[in-house]
Amino acid sequence: MMGSKNNGRTTMEVGADGVAIITIINPPVNSLSHDVLLSLKERYDEALQRDDVKAIVVTGANGKFSGGFDITSFGGIQSGKVEQPKLGYVSVEILTDTLEAAKKPSVAAIDGLALGGGLEIAMTCHARISTPTAQLGLPELQLGIIPGFGGTQRLPRLVGLTKSLEMMLTSKPVKGEEAFELGLVDAVVSSHELVDTARRWALDILERRKPWVASLYKTDKIEALGEAREILNFAREQARKRAPNFKHPLVCIDVIEEGIAAGPRAGLWKEAEAFQELLKSDTCKSLIHVFFAMRSTSKVPGATDRGLVPRQVKKVAVLGGGLMGSGIATALILSNYPVILKEVNEKFLEAGIGRVKANLQSRVKKGKMSQEKFEKTISLLVGVLDYESFRDVDMVIEAVIENVSLKQQIFADLEKYCPPHCILASNTSTIDLNLIGQRTKSQDRIVGAHFFSPAHVMPLLEIVRTEQTSPQIIVDVLDVGKKIKKTPIVVGNCTGFAVNRMFFPYTQAGLFLVERGTDVYRIDRVITKFGMPMGPFRLADLVGFGVGVATGMQFIENFPERTYKSMLVPIMQEDKRSGEASGKGFYLYDNKRKASPDPKLNKYIEQSRSISGVAVDPKFVKLSDKDIVEMIFFPVVNEACRVFAEGIAVKAADLDIAAVMGMGFPPYRGGIMFWADSLGSNYIYSRLEEWSKMYGEFFKPCAFLAERAAKGASLSAPVEQAKSRL
């Protein structure tokens with residue numbers, strides 16, 4: 001038997017009917033480690049040699065076919081610690097020349113999931129039987145690579161070129177029912193009938209009652225070369241528009257084209273070469289880092305390592321039906337939590353419930369929700385004007401305006417009305433939680449649950465823990481976060497917590513450049529080209545100057561020495577320019593909220609310059625794209641280093657996820673700390689040090705960055721903290 005238990009294996013049982021059942025075993029999702037693949041080849045070789053075996057069924061243990069290639073092995077290959085398998089060993093030697101070319105028919109029995117390499121193995125079998133809810137797909141492009149086990153060649157031949165491009169380029173799987181309609185599977189049966197149906201199907205192929213099909217050589221669903229090239233060229237255009245900084249979607253299309261133009265075997269070899277090359281790319285390394293970092297955010301020292309079981313949260317109350325409160329309520333009812341929404345008067349309550357309904361109706365319009373489901377979901381929401389119905393809630397999320405005394409009063413009231421086990425959470429984005437809970441005796445139940453706007457869409461949930469917050473509360477909120485499909489990061493308590501604090505210098509650095517002569521719209525274009533969803537000024541307009549200034553004041557009060565003081569935003573506010581909602585900010589907005597540059601902006605910039613006593617500097621007018629990116633992001637890296645050094649975040653990878661999911665930092669750059677490490681601590685330190693000597697404290701590198709640079713050390717290496725804020 002090949003391979004250790006840890007690295008997976010396959011087993012084979014031969015029935016009286018002469019069908020060998022080969023089962024992939026590598027919990028939890030039967031991933032395809034090197035050992036599993038070698039074992040699969042051995043089992044096949046044995047089955048082909050045995051006279052008592054007439055046909056083969058391949059399946060996976062515990063209701064899952066296979067979740068694909070074992071991604072954990074990529075790190076070893078990328079770093080050179082593990083030798084890469086020889087070119088074409090898996091896709092050609094094992095899957096094509098052993099499995100598909102076998103002289104005995106094989107059928108894949110698919111339950112649960114067949115993703116990536118799992119689906120590629122299934123496609124080499126001569127037929128596929130699936131359960132209706134099994135997920136089948138090739139999601140490799142999410143990781144900066146392409147399917148590497150023949151998927152680029154077989155999927156187009158089974159489902160057609162257009163659908164296969166969609167499945168690969170979007171990484172979206174299809175369910176068994178749709179897979180049957182597409183021709184990806186040959187039959188759909190219930191899970192208890194699956195293996196028996198596959199056995200009979202394999203024997204029917206042997207007896208020629210069912211077709212014996214080698215997917216690689218199917219041609220009936222592939223268009224003629226000229227038409228195929230038109231489809232592929234259109235896909236290239238779309239890929240360039242959707243992801244201009246990505247190379248691998250274009251490589252995927254090239255590899256598919258090779259198979260159509262030069263034959264599937266030539267396509268397999270081109271796929272193998274491209275896969276090996278892409279595996280070593282920075283994009284792949286970054287996306288794999290993000291993949292694992294996302295999965296490790298819910299491991300929290302001092303909370304999740306204590307064997308605590310999450311308590312059941314049956315009912316949640318949300319205070320405040322504004323943009324954030326209504327978004328939070330939407331996220332909760334979408335995951336079947338009954339919600340009480342409290343407001344201060346009928347008018348506000350009606351508006352809050354209206355916002356929740358509008359959030360759900362937009363899903364109905366997009367076809368993501370049926371009218372029946374809409375009615376059922378909205379029925380989970382109850383509006384109230386007092387605390388009487390709070391007596392049996394398990395969690396409260398406060399989402400009122402950022403006003404300290406108001407929040408203090410609310411938490412004092414909550415302590416009176418809510419049961420003693422109730423989680424008391426605040427959605428504050430900047431205010432110290434100790435301050436919020438000052439008038440209560442329930443500090444151990446107080447926690448931050450900071451959602452990002454719009455709360456029902458944005459994937460990040462920042463869970464803020466004070467020194468008093470109990471580990472049980474953290475475990476409970478992590479569980480709620482998971483159930484409402486958020487990626488949680490647990491951070492310590494400080495002004496701005498992790499995301500807002502890290503990114504406060506983002507707009508500040510932009511204002512610094514503008515006052516010295518760099519064009520506002522050019523900065524936004526450069527930062528968007530870098531991969532952010534929008535530049536600092538478009539973002540400031542979207543958030544609104546009121547919110548931005550409130551956040552800014554918190555930062556300025558706490559960190560005055562490293563704040564760039566510009567009067568540009570207050571001057572614009574005086575003239576009723578407060579961002580997108582008011583129709584004008586740094587940009588002008590039409591009635592569809594489409595942004596366009598405003599030639600009048602220069603007037604405000606000149607006023608701001610004269611107050612700041614700053615003159616236009618010719619070198620800032622002609623600043624290179626690289627310098628703009630560095631002057632905007634290096635202060636962000638600097639603040640991220642402080643957040644890490646202070647123990648606000650326990651792992652640098654958590655800050656990467658915070659940046660990617662909270663601010664839209666490009667995942668293909670791996671997150672803020674991962675990207676900084678790719679440039680080197682020494683380089684970032686020297687640039688900031690140079691700028692701080694020329695332009696002041698705003699750019700001064702922090703002690704942690706100086707120390708890491710002096711050692712040439714990674715910024716992401718663990719911090720030895722005397723006392724972590726976590």
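In which helix is arginine 501 found? I looked this up first, keeping in mind that the model is predicted, and arginine 501 turns out to sit in helix H19, which covers residues 499–515.

**Arginine 501.** I noted that arginine 501 counts as buried, at 1% relative accessibility, and that its side chain is joined to that of glutamate 646 by a polar contact of 2.8 Å. Setting aside neighbours within four places in sequence, I listed the contacts of arginine 501, among them Phe555, Phe559, Arg562, Glu639, Arg642 and Glu646.

**Cores.** I then turned to the nonpolar cores and found that the largest has 100 residues, with Phe390, Leu414, Phe503, Tyr506, Phe586, Phe633 and Ile672 having the most contacts inside it. Helix H26 (residues 625–645) gives the largest share of this core, 12 residues. Apart from it I recorded another core, of 70 residues, which includes Met12, Leu99, Phe149 and Ile231. For phenylalanine 390 I went through the residues it touches beyond four places in sequence, including Ala317, Leu319, Ile340, Val396, Leu414 and Tyr417.

**Helix H16.** Helix H16 (residues 404–417) has 14 residues, and from its first C-alpha to its last I read a reach of 20 Å, close to the 20 Å expected at 1.5 Å a residue. Its buried residues are Lys407, Gln408, Ile410, Phe411, Ala412, Asp413 and Leu414, and I found them packing against strands E10 (316–319), E13 (395–398), E14 (423–426) and E15 (446–451), as well as helix H17 (433–436).

**Cysteines.** My search of the whole structure for disulfides found 0. Cysteine 641 is in no disulfide, and the nearest cysteine sulfur, that of cysteine 702, is 5.0 Å away, whereas a disulfide would need the two sulfur atoms within 2.5 Å. I also noted that cysteine 641 counts as buried at 0% relative accessibility, and that cysteine 125 is buried with a relative accessible area of 0%.

**Backbone.** I recorded a cis peptide bond between proline 27 and proline 28, with omega about 5°, and placed proline 28 in the loop between strand E2 (19–25) and helix H1 (34–49). The bond from serine 453 to proline 454 is also cis, with omega near -10°, and proline 454 lies in the loop between E15 and strand E16 (460–465).

Is serine 171 buried or exposed? Serine 171, which has a positive phi near 60° without being a glycine, is buried, because its relative accessible area is 9% and the cut-off for buried is under 20%. Lysine 485 has a positive phi of about 65° and counts as exposed at 68%.

Note on methods. Residues are numbered from 1 along each chain as its sequence is written. This is a predicted model: local features need pLDDT of at least 70, side-chain atom pairs count only at pLDDT 80 or more; totals for chains, interfaces and linings use all residues. Side-chain values use heavy atoms; hydrogens and water are left out. Buried means under 20% relative accessible area, exposed over 50%, partly exposed in between (1.4 Å probe, protein chains only). A nonpolar core is a set of buried Ala, Val, Leu, Ile, Met, Phe, Trp, Tyr and Cys residues joined through side-chain atoms within 4.5 Å. Helices (H or I, at least four residues) and strands (E, at least two) are DSSP runs, numbered from the N terminus. Contact means heavy atoms within 4.5 Å. A polar contact is a pair of N or O atoms within 3.5 Å; within protein, one must be able to donate a hydrogen and the other to accept it, and residues adjacent in sequence count only if both atoms are side-chain atoms. The expected span of a helix is 1.5 Å times one less than its number of residues.
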